[in-house]
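Thanks for coming, everyone. I'd like to walk you through one structure. Please have a look at it first.

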Amino acid sequence: MSLAGRSLVSINDVSNGEVEGILSLANKMRDSKGSKLDLCQGKILASLFFEPSTRTRLSFEAAMQRLGGSVIGAVDTKTTSLSKGESIADMARVVGKYADIIVIRHPWEGAARVAAEYAGVPVINAGDGSHEHPTQTLCDIYTIKKARGKIKGLTIALCGDLKYGRTTHSLAYMLARFGATIVFYSSPGLGPPEYVLRKLTTEYNGVLRRPTGRNLSSVALALGGSGKASATLDAIYVTPGTSHDLALIPDLRAEVDLKGVDALYMTRLQQERFSDAQGDTRKAYPVVDKGVLKRKELKRALVLHPLPRLDEIACEIDADPRSMYFEQAAHGVAVRMALIALLLGMQQAEAPAERTLPEVVTQPEIYRSDLGSRCENPACVSVHEARYIAPEFVVCGNKPLTLRCVYCDYEKQPNYVGNLKSRIYYACQDIRAGQIKVSNSVFFDSEEKAQERGFRPSAKAQQR
Ligand code: NCD
């Protein structure tokens with residue numbers, strides 16, 4: 001199996017088999033620990049970190065050095081020409097001429113995708129705003145598989161700041177694809193973005209159940225420490241065709257509380273992504289401590305965390321055999337060694353002996369046009385770099401018509417659709433709107449915008 005020349009921007013850029021291949025090569029890399037390999041001798045990794053990082057940057061750099069390659073880097077936009085207004089595209093074009101592979105962390109969502117489009121060499125996303133962090137997911141999955149031998153059939157709880165915690169987004173997709181049941185316990189107001197939940201159901205075809213009424217469960221309550229609920233159960237995702245058909249059970253909360261969870265993946269409050277108006281919710285943040293781990297639902301639960309931790313994991317559980325977070329961080333070097341060697345084409349990975357879960361990924365239609373609607377996420381790279389990025393969306397829902405930005409995954413529902421051939425526009429609910437092929441469509445937010453672009457209202461709209 002070769003991954004030569006590929007980029008890893010989203011965890012969905014690699015198939016389940018490819019992930020297995022990366023992880024099995026990581027095992028070999030781990031065994032070679034200490035002995036410097038020369039697989040990537042003469043190769044250069046550009047390490048571009050425009051947001052703080054300890055583990056991800058240092059483990060990438062250590063990985064490249066262990067592979068015999070070398071590293072060049074920038075750790076702050078202020079020290080690069082981005083601060084002079086250079087575009088990510090131009091920077092990527094240039095760095096792609098100096099290095100054989102690029103690792104980039106940037107606060108704009110979709111920044112790594114743009115870099116990958118222009119660099120001409122493999123690009124690895126080391127975190128783009130609150131969007132995704134695929135290599136952390138590889139470390140997470142590696143850790144769980146090492147401890148439990150499998151992912152399929154496990155029940156994994158994602159907990160804390162699921163809104164801005166990018167690691168939980170990539171991890172949720174991967175867990176769904178490998179057949180785990182996912183329980184989302186968020187700190188109030190920090191539930192998973194709708195686009196993450198929608199992808200799970202529309203692209204991985206699983207069942208998403210949202211509890212009605214008071215979103216409490218005993219695990220959520222336990223995480224509240226003194227009984228004060230500081231975690232709510234947002235949703236439970238169940239893989240299609242799951243054997244214990246959780247999807248049919250009326251009270252999912254009770255079911256999960258009864259069965260317990262196999263891993264609790266905690267995240268810190270991503271305070272740096274909050275606008276001042278949102279304030280500090282740290283006081284009501286969930287905490288895992290000795291008392292919580294005594295609960296029967298968490299008896300066998302591994303405790304994972306991408307780190308850095310604040311107060312959400314009490315130091316008193318560090319020595320508990322279920323606490324996996326330091327091991328998880330340590331795996332970062334081997335996993336990233338495997339990934340770099342594969343993307344540079346210096347290694348082939350063994351294809352998995354047996355097929356894992358049949359991956360259900362539905363490919364939706366792509367819509368691209370610089371005439372109409374743009375993404376509305378202020379953190380999206382296509383908004384910041386609108387001068388050269390044409391809006392691109394996947395059509396991810398029909399009733400109502402919903403577009404999802406290919407850069408940051410944010411969803412929007414445009415109001416009007418124009419037919420490129422007839423130059424007539426319709427309200428999206430108009431039955432005739434649904435008859436226009438996506439390739440002939442231009443979506444608009446308002447009639448004024450449609451008219452500015454030279455589109456005329458449909459006859460029905462004119463009569464009104
Ligand atoms: C995470 C990140 O940067 O998203 N850290 C990491 O890479 N291990 C998690 C975090 O910062 O909370």
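In which sense do strand β12 and strand β13 pair, and over how many bridges? They pair in the antiparallel sense, over five bridges. β12 covers residues 392–398 and β13 covers residues 401–405.

A word on ground rules. This is a predicted model, where local features need pLDDT of at least 70, side-chain atom pairs count only at pLDDT 80 or more, and totals for chains, interfaces and linings use all residues. Residues are numbered from 1 along each chain as its sequence is written, and side-chain values use heavy atoms, with hydrogens and water left out.

Back to that sheet. It is open, with four strands in the order β11-β12-β13-β14, and the pairing is antiparallel. β11 (366–368) and β14 (411–412) are the edge strands; each has a single partner strand, so one side of each is left without a neighbour in the sheet. Pairing here takes at least two bridges found by DSSP between two strands. Strands are DSSP runs of E, at least two residues; helices are runs of H or I, at least four residues; both are numbered from the N terminus.

Now the overall counts. The protein has 15 helices and 18 strands. Of its 464 residues, 55% count as buried. Buried means under 20% relative accessible area, exposed means over 50%, and partly exposed is in between, with a 1.4 Å probe and protein chains only. Contact means heavy atoms within 4.5 Å. Among contacts between residues at least 6 apart in sequence, 72% join residues at least 24 apart.

Next, the parallel sheet. Four strands form an open sheet in the order β2-β1-β3-β4, with parallel pairing. The twist averages 15° from one strand to the next. Four bridges join β3 to β4. I104 stands opposite N125 in β4.

Stay on β3 for a moment, residues 101–106, and find I101. Is I101 buried or exposed? Buried, with a relative accessible area of 0%. Leaving aside neighbours within four places in sequence, I101 touches I44, L45, A46, V121, P122, I124, I340, L343 and L344. Take I124 from that list: it is 23 residues from I101 in sequence, and 7.9 Å away in space, C-alpha to C-alpha.

Two packed helices are described by the angle between their axes and the distance between the axes. Helix α2 (residues 55–66) and helix α12 (residues 332–343) pack at about 60°, axes 8 Å apart. Axes are lines fitted to C-alpha atoms, for helices over the stretch in contact, and angles run from 0 to 180 degrees between N-to-C directions. α2 and α12 are therefore oblique to each other. For the cut-offs: under 35 degrees is roughly parallel, over 145 roughly antiparallel, 65 to 115 roughly perpendicular, and the rest oblique. Who makes the contact? From α2: R55, T56, S59, F60, A62, A63, M64 and R66. From α12: G332, V333, R336, M337 and I340.

On to β8, residues 232–238. This strand is mostly covered, with six of its seven residues buried. Strand β6 (residues 181–186) runs antiparallel to β8 and is joined to it by five bridges. V183 stands opposite I236 in β8. Strand β7 (residues 207–209) is also antiparallel to β8, over three bridges. There, L208 has Y237 as its bridge partner.

Then β15, residues 416–419. Y416 and G418 point one way, V417 and N419 the other way, and all are buried. Four bridges join β15 to the antiparallel strand β16 (residues 424–427). In the hairpin of these two, four residues lie between the strands, and R423 takes a positive phi near 60°. β15 also has four bridges to strand β17 (residues 441–444), again antiparallel. Y416 has F444 as its bridge partner in β17.

Last stop, R268. Where is R268? In the loop between β9 (263–266) and α10 (290–293). R268 is buried, at 17% relative accessible area. Beyond residues up to four places away in sequence, R268 touches D161, Y285, H305, P308, L310 and E312.
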